[in-house]
Amino acid sequence: MDAPAKNTALDDPIGRSRFGELMLRLYRRPAAFISAIIVALYVIVGLLTFLPVFDRHADLDGSDQLKKDGLIWQIVGKEYAPPSFVSSAAAPPEDPELPPPTGAAASAERVPHGGPIDLLLGTDILGRSVFWHVIYGTRVALTIAVIASALSLTIGTVLGVLAGYFGGIVDAIIIWVVNTVSSVPWILLTLAIIFVLRASFQVAKSDAQDAPQGTTKAAPAGDRDLEAVILAMGLTSWVGLCRLVRGEVLSIRERDYVVAARAMGLDTPRILVRHILPNITHLIIITFSLGAVDFVQAEVVLTLLGLGISAKPSWGRMIDDAKLELLRGVWWQFAAATIAIFVLCLALNLLGDFLRDVLDPRLRGAD
Amino acid sequence: MGAYIIRRILWTIPTVLGVMLLTFALFVVALPDPAITALGKHSSPAVRKSYREKYGLDKPAWLDFTALKSGQIRKAFDSRFFRTLTFQFGKSSHYNRPVSELFLAKAPISLAIQGPVFVIELGLQLLIALYISSWRGRWPDFVVTLLSVLGMSIPIVSLYLLGQWLFGARLHWFPIAGWGVGFFNCIQYAALPILVSVFGGMGGGTRFYRTVVLEQLHSDYVRTARSKGVSRHDALLVHVLRNVLIPVLTNTVTALPGLLMGALVLERMFQIPGAGGLLVEAIFNSDSALVMAVTYFLAVVYCLLVLVTDILYTLVDPRVSLY
Amino acid sequence: MPQPLLQIDNLNVGFDTERGQIRPVRDLSLSIYPGQTDALVGESGCGKSVSALSILRLIPAPPGKILGGRILLEGRDLLTLREREMRRVRGRDIAMIFQEPMTSLNPVFTIGDQIAEAVILHQHVSRRAALQIAEQSLADVGIADPDRRVREYPHQMSGGMRQRVMIAMALSCKPRLLIADEPTTALDVTIQAQILELLRKLQRETGMSILLITHDLGVVAENADVVGVMYASRIAEFAPVEALFDKPKHPYTEGLFRSVPQLGALAERLETIPGSVPDPAKFPGGCKFHPRCPRTRAMVTTAGESDRMEVVASGERATVMKVCAGNEPLLREVEPVHWAQCHFADGHAAAAATPPQSNHRRSQRPEVEEAPTLIASARQEYRK
């Protein structure tokens with residue numbers, strides 16, 4: 001393997017329009033181009049759910065608490081109605097061996113009928129729209145991906161830059177922390193942090209209950225689940241980026257233009273912002289796009305383990321619910337969530353590969 | 001080379017200490033008092049005291065300073081920190097049995113699933129990567145690359161569910177879930193989890209090894225070997241494979257935590273009474289002693305595995321002994 | 001005339017790329033006689049390395065493909081051999097050394113094992129015996145402490161030593177032809193001279209033939225018996241080394257000589273050939289050299305209007321001879337034992353298009369210092 005070519009002062013990227021070139025290359029690679037559009041669509045859908053038009057609180061017959069918990073999707077039809085594009089003859093017959101779906105009695109008295117969009121992907125055990133569950137699941141998935149990434153990228157970048165730029169004892173300590181954190185398998189650390197957070201939230205909640213009514217308002221349980229998941233993921237996933245950034249900064253700080261900037265007496269923060277940061281943004285972008293896949297998938301795993309999202313509509317919950325439904329022949333909720341995750345992750349993977357190829361060919365092998 | 005190994009072993013000590021500190025910070029410093037969590041806020045101090053005594057929570061966290069001052073060295077170090085550091089875990093509050101006993105009873109079941117998964121997966125990944133290298137740019141290469149990316153994108157849980165539904169519910173090839181008694185019975189139950197787990201984990205590794213094999217295959221030393229009269233097959237299996245083992249080792253270390261995740265998910269979905277299920281249950285039961293012990297123990301085991309692979313490098317790559 | 005050891009007839013090689021098929025080797029004919037050193041000279045990308053790899057049938061396939069021709073090793077066509085038989089030729093009859101000694105050895109095997117591998121393959125001896133042969137061949141190429149070195153790994157050696165190891169490996173099975181693909185390009189100048197000296201010494205001792213592939217005219221002047229100059233996948237000129245340096249017939253060869261720096265001519269500005277080597281995917285029509293050719297531009301001044309035409313060469317308009325832009329000349333024997341592929345080489349029109357071959361040996365082996373003199377005299381000759 002050839003050593004990467006030694007970069008010289010000519011390589012200072014300031015003033016080079018990398019963004020324009022990136023867009024041009026993106027346009028030339030159809031798979032990556034389509035992926036970018038798909039990711040953008042998911043983001044738009046996720047953002048749209050915040051609009052009042054899509055806010056279906058008004059249709060809810062639930063309590064205030066339910067609204068707060070984000071149980072925003074209403075009962076639109078009879079329980080386990082298949083997707084509207086599947087003919088009713090093709091709907092699976094009731095399996096006599098399995099108990100009838102619970103909750104059927106609760107909603108049997110009045111069967112509200114949603115519009116065609118509500119019934120497009122069928123309904124779940126309570127007769128709620130699978131379509132809207134997928135749509136609102138997008139919001140949770142993207143929230144997790146974006147906030148956990150922000151947390152993890154910030155920690156990783158800051159520690160990586162500090163270690164690489166200052167070296168010495170700072171570097172030694174950060175390396176030790178990185179080694180320590182990466183020695184605990186991340187799922188274990190994530191679970192441990194969730195465990196501790198849940199216990200703390202529980203104590204906080206009982207404190208709040210003890211407090212006189214009205215003085216404090218306990219945060220709804222659903223939000224705290226999300227908080228725990230995001231915090232745990234963000235705090236455990238930064239080590240990879242930290243290592244990459246440290247390595248890159250180590251080489252950048254020896255380059256001529258940084259040495260020159262130091263010789264001219266530029267102060268450290270200015271060097272970091274003007275010369276170091278622009279040179280590691282590509283690492284952050286690549287890590288973000290490929291890391292988002294992990295976050296989306298981890299939500300499903302954590303939720304399945306019963307430690308993820310419990311009170312908000314999420315793709316993980318749909319798949320978790322599908323554990324038994326699938327055996328009953330109810331496939332649409334499972335399929336809808338799986339396809340939603342699959343398409344997003346595929347697009348993110350392809351986009352991440354593209355970004356890695358274009359922005360940093362050294363990160364991949366000979367291909 | 002000896003110096004390298006010794007240095008590497010010495011490096012492990014601060015890491016293990018760090019892991020201990022991290023675990024301790026989480027479970028002793030950050031975690032709310034388990035006595036309050038378990039007994040409630042309004043429990044009487046006397047009940048809490050006996051609870052703490054029962055689970056060893058009455059011991060000082062770091063060092064018993066009063067004992068240290070009076071010269072009782074042994075007693076001074078009888079703290080929760082040093083007990084955990086030396087693997088003297090307490091009792092599980094839920095099962096009321098020693099943690100180590102619980103864990104050691106369950107761990108073999110998890111290993112019986114994840115061991116075969118690891119071996120089969122690695123073998124298949126390497127085999128496919130080596131095989132398709134001679135088909136570069138043609139359809140088998142394309143199909144494998146495509147399947148790898150598809151496999152990396154599909155949620156692992158969905159894949160497990162599909163496998164359970166297809167092979168268990170529809171085809172009745174395997175039991176859907178559960179665990180048996182006795183070796184052959186257990187194999188029946190283990191087959192499906194192993195199958196879906198191998199299938200689900202193939203993608204990333206295959207793609208990585210494909211890249212690595214292709215990179216090596218086009219290197220100059222392969223051309224040299226071929227010019228000596230070495231066959232394509234031998235060049236692949238002798239020259240390339242030996243060089244590929246270096247990135248394989250690296251990748252294996254990073255893939256190990258994935259097995260742990262597999263254990264957690266598989267054991268829950270297939271109702272296998274292994275250590276993964278034990279951990280998840282312990283979290284539900286707020287069984288802090290158990291969670292902490294499992295976290296610390298597995299982290300230390302992982303540290304040691306990393307150490308072992310680092311030492312294996314010296315066998316695989318002669319250049320390592322230089323630095 | 002004795003039989004040539006290796007005779008290449010009309011070899012054509014194609015590479016399939018996204019932009020269609022390119023032809024890195026076209027109509028290559030070449031004969032190498034026992035004990036002779038043939039040089040193939042040319043700029044990078046002219047097809048000389050692909051030619052060498054084609055002889056061993058080691059071009060990466062796909063995308064590479066031998067489209068036609070014959071490669072006769074003592075009358076046996078290598079292109080019709082089965083892969084198994086071909087493997088017995090590689091390393092035993094024909095061995096090869098490469099440009100990059102740093103990466104051409106496998107980093108995870110010892111030097112001894114890598115040499116022994118070839119010995120075991122071709123001589124069917126035990127590993128122990130093979131290692132002894134390996135030790136001996138290391139001693140033959142002038143490596144001190146061969147008994148220690150056989151147990152060492154490539155990273156423990158310098159570049160020059162690794163190239164010696166490569167040579168030891170190539171010669172361990174006493175091949176009759178050694179293909180040396182830029183054997184000294186990656187090495188320091190002093191090491192270059194040592195390696196070439198070693199190759200000459202080993203050739204004297206074993207009587208093997210060498211196909212020397214290089215872009216370095218100094219290396220050619222010192223080592224070659226006969227020289228083929230390659231340009232745009234074809235042989236542009238072929239002659240015994242003295243004849244070529246004395247009286248180059250092809251304008252490209254002349255250009256090469258003028259672009260070589262000369263000792264004692266410090267004030268003189270080095271001439272370069274205008275333009276660049278054509279991309280094999282976009283070869284010009286007619287003579288592949290005409291967009292850069294000074295000769296066709298010179299001929300224009302005396303030619304009639306009907307014989308001239310305007311072309312655009314590397315972004316500039318130029319007037320060239322119509323025949324140059326329209327027809328690709330054949331390689332013809334313009335003088336006895338001197339082939340050139342140029343419409344305006346003296347005697348080209350009347351000469352016969354025969355495959356180039358010559359059992360010529362250089363009269364004396366010039367010492368290292370003489371090489372620049374030879375080039376200098378070629379330059380003098382050209383100016384007259």
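Tutor: With the contact between chains A and B. In this predicted model, chain A puts 43 residues into that contact and chain B puts in 48 residues.

Student: Which elements give two or more residues to the side of chain A that touches chain B?

Tutor: They are α6 (168-183), α7 (186-210), α11 (268-304), α12 (315-328) and α13 (332-359) of chain A. The most comes from α7(A), with 14 residues. Sorted by class, this side of chain A holds 28 nonpolar, 11 polar and four charged residues.

Student: How many residues does the contact take from chain C and from chain B?

Tutor: There, 25 residues come from chain C and 19 residues from chain B. On the side of chain C, α2 (83-89), β6 (94-97) and α3 (111-123) each give two or more residues; α3(C) gives the most, with four residues. The classes on this side are 13 nonpolar, six polar and six charged residues.

Student: What is the general idea behind a nonpolar core?

Tutor: In soluble globular proteins, nonpolar side chains tend to be buried together. Here the largest nonpolar core has 148 residues, and those with the most contacts inside it are A:Val229, A:Val301, B:Val265, B:Leu279 and B:Ala293. Helix α5 (residues 130-166) of chain A supplies the largest share of this core, 17 residues.

Student: What does A:Val229 touch, not counting residues up to four places away in sequence?

Tutor: Its partners are A:Ile144, A:Ile194, A:Glu299, A:Leu302, A:Gly308 and A:Ile309.

Technical notes. Residues are numbered from 1 along each chain as its sequence is written. Chains are lettered from A and ligands numbered from 1 in the order in which they are written. This is a predicted model: local features need pLDDT of at least 70, side-chain atom pairs count only at pLDDT 80 or more; totals for chains, interfaces and linings use all residues. Two residues are in contact if their C-beta atoms, placed from the backbone, lie within 7 Å. Ala, Val, Leu, Ile, Met, Phe, Trp, Tyr, Cys and Pro count as nonpolar, Asp, Glu, Lys and Arg as charged, and the others, Gly among them, as polar. A nonpolar core is a set of buried Ala, Val, Leu, Ile, Met, Phe, Trp, Tyr and Cys residues joined through C-beta atoms within 7 Å. A residue is buried if 20 or more other C-beta atoms lie within 10 Å of its own, exposed if 12 or fewer, and partly exposed in between; C-beta atoms are placed from the backbone.
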